[in-house]
Amino acid sequence: LRAVAHLSATTARVGDPLVLTLRLQGIGNVKLLPRPSVEIEWASAVPGSERVAVDTSGPLVRGAKEFDWILTPTQDGNVVLPVLRYDYFDPYLKQYSIAETKPTPLVVGAGVLAVDEIGESVVLLPLRARGGATPPLFGLELLSQNSLLGVLALWLVAPIVAVLLSLPRRAPRPTPIVPATLASLRALEATAGEDHHATAARGTRRVLHALLASRLAVPAHQIVAHRELERVLRRRGVSRATTRRVMAFFDELDQRGFAGSVIASEPTTPFADTATVLLALVDKEAVRSGRAIPVARRAVLFGSALCVCTALVSSHEVAAQSAAVPDLTTPARSSVGASNRNGTIAAAFTLASDAYLARRFSEASSRFADLAREQPGDVGILANWGTAAWANGDTVEAVMGWQRAARLDPMAADLHERLALLPAGARGGFADVPAIPVPMVQAIAVASWVLAWCLFAAYRRRRMREATRRWDRVLRVGAVTLGVVAMTAVGVALWGRSALGLSGLAIIVRPETMHVAPGTDADAMGGVSTGDVVQLIERRDAWQHVRHSDGRVGWVPAIRLVALSETSRSE
C-alpha cells in the first residue's frame, strides 16, 4: 500500500473547517481497509465520508480507498500536518508494514473562534509547598539506589561483629597438669595421718576439682554438682568414655572421703596415679576454647565500624549531590551556583503558583512541568503540576504529576484524594498506589536485623560463661523473632519498591482500540481511554504489547503511549 495525505487548502483560519483526505492505494481488496484514527494537536478532527475505487480487470485486484476528516483549527500560527501512518500486513514479505504520508505545512491565521481559559467555574484545588517528600532516615535516602551501599554494609557487618563478640575469651593457659598434680597429691599423701584413705580422698578431690576448673576455663563453683561437671566435660569435647571414668572416680572419692569407716578396704590404685591419668586424658581431649587475639579483634571491629561509617557518609553525599548539581570548579563557586539555582527555582515556583491562582492554567501547567523536569524528586512540584494540568483539562499530565508524586510520598492523604479524581483506568489495578512507607519499613528491617544479632551475641556469651540459663530462652526467642521480623520487613520493602516504581508503566495519550495482534486488521478487544495507565510488555515495530489496569492484554500503537517517568508528552 501507498499512503497520500491531502488538505483542501494551504491556508486556514481558526474556526474555519477544511478537509483532510487520506488516500490508500495498492494491490488487494481495499474495500476491507478500516478507517484509521487521526489526532491532530492544533485542530479537532471529525470523520467524514469514504470513497472506494476497485479495478478487477487485471489478474490482481487493485484499488484505492479515501478517508475524509473535517479539521477545525483551534490555534493560529505555522503548523504542520503530522505524518499519518497506516499499518497493514504484506503477504509477499510475510510481515507487517507501514504506509506513511509526508508532513504538510499549513499557515493558520487568527479567526473568530474564541479560545479562552477554562471557565471561571473550575474549583481550584489547593497547591502544595515545595518538597514534602519522606525525609531521609539515619542520613540515608532509603528509597533511592544511593542507599544500597550503606544498607548492605549494615546488613553484612552486623553478623560479623556479633560472631566476634560471641566468641569466648581465651583463658590463661594453666600450668602443666601432670607435674602439678603429682606434686600436690604426693605432698598430701605424705602429710596424711591415721585416717589416711579419707584424708587422701578429700584432698585428691579438692585438687582434682581445682585443676579441672582451670583446664576447662570455668569458675570452680559452677562444676561442684556432678551433673554440671559432666555437661561441661562433654561440651568441651571430652569423650564419653573419659567422662564416665572421671565421674566414677569422683563418686569413689566422695564415698571414701565422706563415708567414714564404712569402706575399710584399700584402693586398688593410688588416688594420685588415677587422678594424674584422668587429668592427662582430659587435657588431651578437651578443646582449647578461646577467641582471636584481642589486638586482632579490636582491629576487625574498628575496621567494620569504619566501613559502616564510610558507607553512610558516602551514600549521604551521593544523595546530596544527586539532589543538586552545582558548579564543582571550586568550593566557593559551587556554593554560589547552588544558592543561585535554588533562588531561581523558588522564583519559578512562585510564578507558576501565581499563574494558577490567576486561573491561567495552561501557563501554570507549563511552568510546573518545567520545574518537574529540573526537580524530578520534589513531591510538591509534581503534585502542583498535576493539579494545574487537571484544571487545564489535560488528563495525561495530571496523571503524570499525581501518580509520580504519590509514588514518592505514598502516605500523603491529599495525593490519594486527588488520584480518586482520575478515571478508573488511571488508578486501578497495578496503577493503584499502595500506602506503604517503604523507607520506614527498610529502617525497621535494618534495626531488627542488627538487634537480632546483638541478642544472639549476648546469648552466646552467656552460654560460653556457663551462666544460669534463666535468660537463655528469652534471648534465643528474641533473636529468632527479630530475625523473622527483619526478613518479613525486607520482603515488604522489596514489594513496596516494586509497586511504587515507575519502570514499565506508560499512559495512553489518545483514545485507541486495543487489538489481539499488532495491526489495524486484527480483531479488536475493547478500547483504551486518555489517561489510562498500562504496563509495557514488548514492542514490535510501531506496536506496543501492553497490559491494561483492568487485566486485558493486547496491542496498541506505540505513538499513543508516553512513559509515566517522563515530564511531558513531547519527550
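In this predicted model, the largest nonpolar core has 46 residues, of which F368, W385, L415, L422 and I507 touch the most other members. The elements that give two or more residues to this core are α8 (331–357), α9, α10, α11 (395–408), α12 (413–419), α13 (438–464), α14 (472–500) and β10 (505–508), and α10 gives the most, with eight residues. A second, separate core holds 26 residues, among them A5, L7, L18 and L20.

P376 is placed in the loop between α9 (361–374) and α10 (379–391), and with a relative accessibility of 45% P376 counts as partly exposed. Leaving aside residues up to four places away in sequence, P376 touches L382, R404 and L408; R404 is 28 residues from P376 in sequence, yet the two C-alpha atoms are 8.9 Å apart in space.

| Salt bridge | N to O distance |
|---|---|
| R13 and D16 | 2.9 Å |
| R51 and E66 | 2.7 Å |
| R51 and D68 | 2.6 Å |

R51 is partly exposed, at 35% relative accessible area, whereas E66 is buried at 18% and D68 is buried at 8%. Together with R23, these residues, R51, E66 and D68, are linked in a network of salt bridges. In the remaining pair of the table, both D16, at 26% relative accessibility, and R13, at 43%, are partly exposed.

Definitions and conventions: Residues numbered from 1 in each chain as written. Predicted model: local features only at pLDDT ≥ 70, side-chain atom pairs only at ≥ 80, totals over all residues. Heavy atoms only, no water. Helix = DSSP H or I, 4+ residues; strand = E, 2+ residues; numbered from the N terminus. Buried < 20%, exposed > 50% of the residue type's maximum accessible area, 1.4 Å probe, protein only. Contact = heavy atoms within 4.5 Å. Core = buried A, V, L, I, M, F, W, Y, C linked by side-chain atoms within 4.5 Å. Salt bridge = Lys/Arg side-chain N within 4 Å of Asp/Glu carboxyl O.
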